[in-house]
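Welcome! Have a look at the sequence and the 3D structure below, and keep them at hand while you read this briefing.

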Amino acid sequence: MTRAFLVVMDSVGIGGAPDADQFYNGDLPDTGANTLAHIAEACAAGRAEEGRSGPLALPVLDALGLSAAVQLASGAQAEGLGAVPSGLWGAATEISRGKDTPSGHWELAGVPVPWDWTYFPDTVPAFPSDLVAEVAKAAGADGILGNCHASGTAIIDKLAEEHIRTGQPICYTSADSVFQIAAHEEHFGLECLLKLCADIAPTLHEMKIGRVIARPFIGDAETGYTRTTNRKDFALAPPSPTLCDWVSGAGREVIGVGKIGDIFSMQGITQLHKGSDAQLMDHLDRLVDDAPEGSLTFANFVEFDSLYGHRRDVSGYARALEWFDARIGAILPRLHDGDLLIVTADHGNDPTWHGTDHTRERVPVLGYGVGAKPIGQVAFADVAASIAAHLNIPAQGPGRSFV
């Protein structure tokens, strides 16, 4: 019996989405966005020198086939990269009508999203009055703060003191299908925040809002405010069984690492490990030794997206990529004979792009454990079908195996 590891580098797109012109950052389409290629271009030109220097260095991912995947997806060259692929490599195209976390992950797990998500308008106020009233009542407050599109860190800095004084939750959204609530872990209470999100989630899900996200923070006016790792996503459940259900239904372990439990509403997940990306990599490193035979380990590394993509921090994104490359490089040689590890992404978030939203892009599909294997252009759902085939369990989705 063999094991599978599915590792998602959240937002590491490689350009070339054929429908990018239908997705926008503000008033401008995502046509031409390319997260990986544009970071590599900036590094090679000396425009990403904060905390690192020189061309983008990703020897492990490049050896698997990353630069070849970029060229396949978009025709672009990833400057500083260019190894001859020694692993499984290709590029995947999404069909779901969203460039968000649930759409990407569900489709990678074999279930394209069959509906259009609802998005809140970029107006002030952003939320309908009946929803505002329900949230305030559930919070035991006389109103809410925010009620707009905003960066999470910026709106916390702006409204934290008023939140502490009034007890009103800070509510905001983005270009994603999300309703986010920020609250102070001590003054408002972490458990109160989580209960608030859980209580209002059914209403938001009925509206086809994909996620209600608890955004707890700590700190004070003197030292500043910092979001904690106790974030929790209350996601709309997938519309049909996913790869996680297929594997657990076959009596196997499905080990979630990071946001996976939230993204799939814990459906089919038998174990879960959370933390910062550094802590998640430690979990993944340990699971290479400890994950049982026949299991699926499904990991999401979110900080490419949350810390660097949305904030348009090219240097930070490049540092995170180089850190990930070094850590995954130490893991690959320790995989067991017969194991398959696939590295992919769920959407793009080009830090050189206009706006602060995700970008519609193809994603890399890189694999270790089956030798050099070009797979060409594939569908997101083919990833699930391939892992199911590797684990010798039936696939229930529309994908086709490439292994």
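What covers the buried residues of H3? The cover includes helix H1 (35–44) and helix H2 (59–64), together with strand E4 (88–93), strand E15 (363–368) and strand E16 (373–379). Keep in mind that this is a predicted model. The points below look at that helix, then at the cysteines and the salt bridges.

**Helix H3**

- Helix H3 spans residues 66–74, and its buried residues are Leu66, Ser67, Ala68, Ala69, Val70 and Ala73.
- Just after H3 comes Gly75, which takes a positive phi of about 80°.

**Cysteines**

- A disulfide is a covalent bond between the sulfur atoms of two cysteines.
- The count of disulfides in this model is zero.
- Cys148, for instance, is in no disulfide: the nearest cysteine sulfur belongs to Cys171 and is 9.9 Å away.
- Cys148 counts as buried, at 14% relative accessibility.
- For Cys192, the closest cysteine sulfur is in Cys197, and the 11 Å between the two sulfurs is too far for a bond.
- Cys192 is partly exposed, with a relative accessible area of 47%.

**Salt bridges**

- Side chains of opposite charge can pair when their charged atoms come close.
- The model has 17 salt bridges.
- One of them joins the side chains of Arg360 and Glu94, at 3.3 Å from N to O.
- Arg360 sits in the loop between strand E14 (340–344) and E15, while Glu94 sits in the loop between E4 and helix H4 (101–108), so this pair ties together parts that are 266 residues apart in sequence.
- Both Arg360 and Glu94 are buried.
- These two residues also belong to a network of salt bridges that links Asp19, Glu94, Arg97 and Arg360.
- Another salt bridge brings together the side chains of Arg211 and Asp233, at 3.1 Å from N to O.
- Arg211 lies in strand E8 (residues 211–220) and Asp233 in strand E10 (residues 232–235), so the pair ties together parts that are 22 residues apart in sequence.
- Arg211 is buried, with a relative accessible area of 4%, and Asp233 is buried too, with 3%.
- Asp282 and Arg327 also meet through their side chains in a salt bridge, at 3.0 Å from N to O.
- This pair links distant parts of the chain, with Asp282 in helix H10 (residues 277–290) and Arg327 in helix H12 (residues 314–331), 45 residues apart.
- Asp282 is partly exposed, with a relative accessible area of 43%, and Arg327 is partly exposed as well, with 23%.

Methods: Residues numbered from 1 in each chain as written. Predicted model: local features only at pLDDT ≥ 70, side-chain atom pairs only at ≥ 80, totals over all residues. Heavy atoms only, no water. Buried < 20%, exposed > 50% of the residue type's maximum accessible area, 1.4 Å probe, protein only. Helix = DSSP H or I, 4+ residues; strand = E, 2+ residues; numbered from the N terminus. Contact = heavy atoms within 4.5 Å. Disulfide = S-S within 2.5 Å. Salt bridge = Lys/Arg side-chain N within 4 Å of Asp/Glu carboxyl O.
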